[in-house]
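Dear colleague,

Here is the structure I said I would pass on. My notes on it follow below.

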Amino acid sequence: MLKKQSAGLVLWGAILFVGWNALLLLFFWTRPAPGRPPSDSAIDDDPASLTREVFRLAEDAEVELERQRGLLQQIREHHALWRQRWKVPTVAPPAWPRVPATPSPAVMLLHCL
C-alpha cells in the first residue's frame with residue numbers, strides 16, 4: 001500500500017515538474033529580448049533582417065562567453081590561492097613548557113625519612 005502511494009506521489013511530482021518547466025519555457029520564449037523594443041512579428045520575411053538577428057544573437061553569445069571566461073579565470077585564481085593556503089603548513093603552535101611531574105605525597109614521605 002505504501003509503495004503504491006509513493007509511486008503515485010512520484011508520478012504527480014514528475015507531472016508538476018514538467019508542467020511548471022513548460023510554462024516557464026513558454027513565458028520566456030514569448031518575452032522580447034532585453035534592450036530591444038518588441039517587434040510585430042518574431043521572424044520577418046526579410047532575409048536581411050533575419051541575418052541581422054542571427055548576427056546580433058551571435059554577438060550576444062560571444063559577450064556572454066567572454067563574461068563567463070572572466071568568471072572562470074577568477075575562479076581559477078582563487079582556487080590556486082586556496083590550494084597554496086591548504087598546502088603550506090601553518091606555523092606550529094608553541095610548545096607548552098614541560099613541568100616536571102611532582103611525585104605523589106606517599107613518595108615524598110619516603111624521601112623525607
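**Fold and confidence**

The protein chain has three helices and zero strands, where helices (H or I, at least four residues) and strands (E, at least two) are DSSP runs numbered from the N terminus. Read from the N terminus, its elements run α-α-α.

This is a predicted model, so local features need pLDDT of at least 70 and side-chain atom pairs count only at pLDDT 80 or more, while totals for chains, interfaces and linings use all residues. Residues are numbered from 1 along each chain as its sequence is written, and side-chain values use heavy atoms, with hydrogens and water left out.

The mean pLDDT (the predictor's confidence in each residue, from 0 to 100) is 77 for the protein chain, and 63% of its residues reach 70 or more. Where pLDDT is low, the predicted coordinates should not be read in detail.

**Surface**

The protein chain has an accessible surface of about 11600 Å², and carbon and sulfur atoms account for 70% of that. Areas come from the Shrake-Rupley method with a 1.4 Å probe, and for residues only the protein chains shown count as cover. Of the 113 residues in the protein chain, 2% are buried. Buried means under 20% relative accessible area, exposed over 50%, and partly exposed in between (1.4 Å probe, protein chains only).

**Helix H1**

UniProt, in an unreviewed entry, places the feature "transmembrane region" at residues 7-29. Positions from that record are in the numbering used here, feature names are shortened, and annotations may be inferred rather than shown by experiment. In the model the span of residues 7-29 is 100% helix and 0% strand, with its end C-alpha atoms 33 Å apart.

Trp20, Leu23, Leu24, Phe27 and Phe28 make a nonpolar surface patch of about 550 Å². Patches are made of residues with over 30% relative accessible area and no salt bridge; like charges are joined within 9 Å, nonpolar side chains (Val, Leu, Ile, Met, Phe, Trp, Tyr) within 5 Å. Leucine 24, one of the patch residues, lies in helix H1 (residues 2-30) and is partly exposed at 31% relative accessibility. Phenylalanine 27 is also partly exposed, with a relative accessible area of 46%.

The structure holds one aromatic pair. Phenylalanine 27 and phenylalanine 28 form this pair, which is edge-to-face, at 5.1 Å centre to centre with 70 degrees between the planes. Rings of Phe, Tyr and Trp (its six-membered ring) pair if their centres lie within 6.5 Å; planes under 30 degrees apart count as stacked, over 60 as edge-to-face and the rest as tilted.

**Salt bridges**

How many salt bridges are there? The count comes to four, taking a salt bridge as a side-chain nitrogen of Lys or Arg within 4 Å of a carboxyl oxygen of Asp or Glu.

Among them, glutamate 53 bridges to arginine 56 at 2.8 Å, N to O. These two residues are three apart in helix H2 (residues 47-87), so about one helical turn separates them. Arginine 56 also meets aspartate 60, at 2.7 Å, N to O; that pair is four residues apart in helix H2, again about one helical turn. Glutamate 53 is partly exposed at 26% relative accessibility, as is aspartate 60 at 40%.

Glutamate 64 forms a salt bridge with arginine 67, with the closest N and O atoms 2.6 Å apart. Glutamate 64 and arginine 67 are three residues apart in helix H2, and therefore separated by about one helical turn. Salt bridges that share partners join Glu53, Arg56 and Asp60 into one network.

Regards
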